[in-house]
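Morning, everyone. I have one model to show you, and I'll keep it short. Please have a look at the screen.

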Amino acid sequence: MELLVASAIGILTAAGLYLVMRLRTFPVILGVSLLTYAVNVFLFASGRLVVGAPPILRDGVSTYTDPLPQALVLTAIVISFGMTAVVVMIALGAYLGSNDDRIDDPVPMDEVIPEDPS
């Protein structure tokens with residue numbers, strides 16, 4: 001179980017980093033979303049991976065699941081949703097302003113200052 005969760009976190013992180021390094025707006029937004037999912041799974045797994053254990057203490061139950069990571073993940077989901085909405089609106093505004101969704105802003109060749117050969 002731990003190997004599966006660790007692999008999922010690694011794959012989500014690798015895919016998110018790959019998409020963040022792209023030069024288009026939409027893959028960057030997807031990459032940031034995948035990174036937030038990876039962090040959420042990591043936070044959720046930090047509360048011990050126990051199947052069928054109650055999230056609160058009861059009489060006679062020796063194993064329980066820590067409720068704090070669950071609360072942190074719920075908060076992180078709400079924050080990441082809001083952050084994604086803001087980033088999408090910024091990207092949409094940039095696209096409508098320049099009719100291009102490229103992230104880099106290359107300098108035109110006529111504005112490049114030639115280096116001094118001496």
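Leaving aside its neighbours within four places in sequence, which residues is Asn40 in contact with? Keep that in mind for a moment. First, a caution: this is a predicted model.

Now the overall layout. The chain has three helices and zero strands. Along the sequence, the pattern reads α-α-α. There are 118 residues, and 18% of them count as buried. Take the contacts with a separation of 6 or more: 52% of these come from residues 24 or more positions apart.

Back to Asn40. This residue sits in helix α2, residues 25-45. Beyond the neighbours within four places in sequence, Asn40 is in contact with Val73, Ala76 and Ile77. Is Asn40 buried or exposed? Asn40 counts as buried, because its relative accessibility is 9%, and the cut-off for buried is under 20%.

Next, the surface. The accessible surface of the chain comes to about 9,000 Å². Carbon and sulfur atoms hold 71% of that. Which residues make the nonpolar surface patch of about 490 Å²? They are Val88, Met89, Leu92, Tyr95 and Leu96.

Let me pick out one of them. Leu92 belongs to helix α3, residues 67-98. Leu92 has a relative accessible area of 39%, so it is partly exposed. That class lies between the two cut-offs, under 20% for buried and over 50% for exposed.

Asn40 in helix α2 is buried. Thanks.

Definitions and conventions: Residues are numbered from 1 along each chain as its sequence is written. This is a predicted model: local features need pLDDT of at least 70, side-chain atom pairs count only at pLDDT 80 or more; totals for chains, interfaces and linings use all residues. Side-chain values use heavy atoms; hydrogens and water are left out. Patches are made of residues with over 30% relative accessible area and no salt bridge: like charges are joined within 9 Å, nonpolar side chains (Val, Leu, Ile, Met, Phe, Trp, Tyr) within 5 Å. Accessible areas come from the Shrake-Rupley method with a 1.4 Å probe; for residues, only the protein chains shown count as cover. A salt bridge is a side-chain nitrogen of Lys or Arg within 4 Å of a carboxyl oxygen of Asp or Glu. Helices (H or I, at least four residues) and strands (E, at least two) are DSSP runs, numbered from the N terminus. Buried means under 20% relative accessible area, exposed over 50%, partly exposed in between (1.4 Å probe, protein chains only). Contact means heavy atoms within 4.5 Å.
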